[in-house]
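Please look through the model below. The report that follows takes up a helix pair, then domains, then the chain contact.

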Amino acid sequence: MFWQLFYTYLKIGTFTLGGGYAMLPLIQREVVDRKGWINEEEFLNMIALAQAAPGLIAVNSAIFIGWRVGGWRGVAGAVLGAVLPSFLIILAIAIVFTDWKELPAVEAAFKGIRPAVVALIAAPIFKMSKSAKLGWLTALIPITAALLIWLLHVNPVWVILATIILTLIIVDITERRRK
Amino acid sequence: MIYLQLFLSFFKIGLFGFGGGLAILSLIQMEVEQYGWMSQQEFVDIVAVSQVTPGPIGINCATYVGYTTAGFWGSVLATFAIVLPSLIIMLSICKAYFWLNKRFQGNPYFEQTLRMLRFAVIGLVASAALMLIKPTNFIDSISWIIFAVVAILTVLPTILSPLHLPAHTKKVTDIISHPILLIITAGLAGYLIYS
């Protein structure tokens, strides 16, 4: 089971560009449609859990499927398969990149790439706001979070913790009132 | 004690990184900046490399920062550290799966917290972008043109989706808004303009 999961995740990890979310349809095709390791409903539950839990979505899903399919060995195989391709590729790039980035042609290309990357980070905010059904009032939450981190240099960890604690307090008060 | 620092930083990033990929960027940025492990420019460059290479951005950044700060074992340690919280938390979730499913489905505490975290994560992504709007990344007015073109092309499929355009038009917008194509084109433009 170790090798089967390792091989499946290695394949998915090598051929998906764009990280966790891009991996999900490929994982579904391999694990649900082809191998039949878990069913459709369990797969959807898995996505919900992998998103709710902290950490990388691709790794979280590898752990869940690895565990369901092959226990500890399954987890080891799936996680190694998911992580190894990007680890090796980036390691190779890191080794040569320090020399390459001194080249004038590479530096010129990166002058064009840098503003594009900032746009690629910023633009998905639009889609995320739409799918999270962000309203006028709830928009205050991300705006406050962004300003705290950007202007006051608050560590995002505190923003996450504050969000969890404040939500629990508010839900607790409203629940008590209802009872 | 670079190894201990690397381990603690990336463990923290894995532990508090809700919402995956882009949301994790602001956490990485903060840690990397705090210890001076990478310049702002280097950070943007590695995000660019992450977008055109396979695998999760978090792993890519951990491997790169680990290698540049502490060599091969640094990259192994940082990558392990970012995965470790997932291992602990997801395995606990798996073990308690049926119990959790019964208790947490429809639980207002759980569902509201997830909903609010989704909102906060949007702010985290925004802060990651805002922190990168600096003269080192935006060197002249051409930079802003590149930024605007890439931003518009990226949101295009989302804007057009309610219009129910024919399949082939949708295919075209999906292709021209693909991050890899946009980065390669921006790189070519940079090469032609600045060299």
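## Helix pair in chain B

In this predicted model, the axes of α1(B) and α2(B) come within 9 Å. They cross at roughly 160 degrees. Angles over 145 degrees count as roughly antiparallel, so α1(B) is roughly antiparallel to α2(B). The crossing of the two helices is right-handed.

Which residues meet between α1(B) and α2(B)? From α1(B) come B:Gln5, B:Ser9, B:Ile13 and B:Phe16. From α2(B) come B:Ile24, B:Leu27, B:Ile28, B:Glu31 and B:Tyr35. By class, this contact has six nonpolar, two polar and one charged residues.

## Domains of chain B

Domain 1 of chain B puts five residues into the contact, and domain 2 of chain B puts in four. On the domain 1 side, three residues are nonpolar, one is polar and one is charged.

## Contact between chains

How many residues of chain B are in contact with chain A? The count is 89 residues of chain B, against 81 residues of chain A. Elements of chain B that give two or more residues to this side are α1 (2-16), α2 (21-35), α3 (40-52), α4 (57-95), α6 (108-132), α7 (141-160) and α9 (179-194).

α6(B) gives the most, with 21 residues. By class, the chain B side that touches chain A has 60 nonpolar, 26 polar and three charged residues.

Conventions:
Residues are numbered from 1 along each chain as its sequence is written. Chains are lettered from A and ligands numbered from 1 in the order in which they are written. This is a predicted model: local features need pLDDT of at least 70, side-chain atom pairs count only at pLDDT 80 or more; totals for chains, interfaces and linings use all residues. Two residues are in contact if their C-beta atoms, placed from the backbone, lie within 7 Å. Helices (H or I, at least four residues) and strands (E, at least two) are DSSP runs, numbered from the N terminus. Ala, Val, Leu, Ile, Met, Phe, Trp, Tyr, Cys and Pro count as nonpolar, Asp, Glu, Lys and Arg as charged, and the others, Gly among them, as polar. Axes are lines fitted to C-alpha atoms, for helices over the stretch in contact, and angles run from 0 to 180 degrees between N-to-C directions. Angles under 35 degrees count as roughly parallel, over 145 as roughly antiparallel, 65 to 115 as roughly perpendicular and the rest as oblique. A crossing is left-handed if the near helix is turned anticlockwise from the far one by less than a right angle, and right-handed if clockwise.
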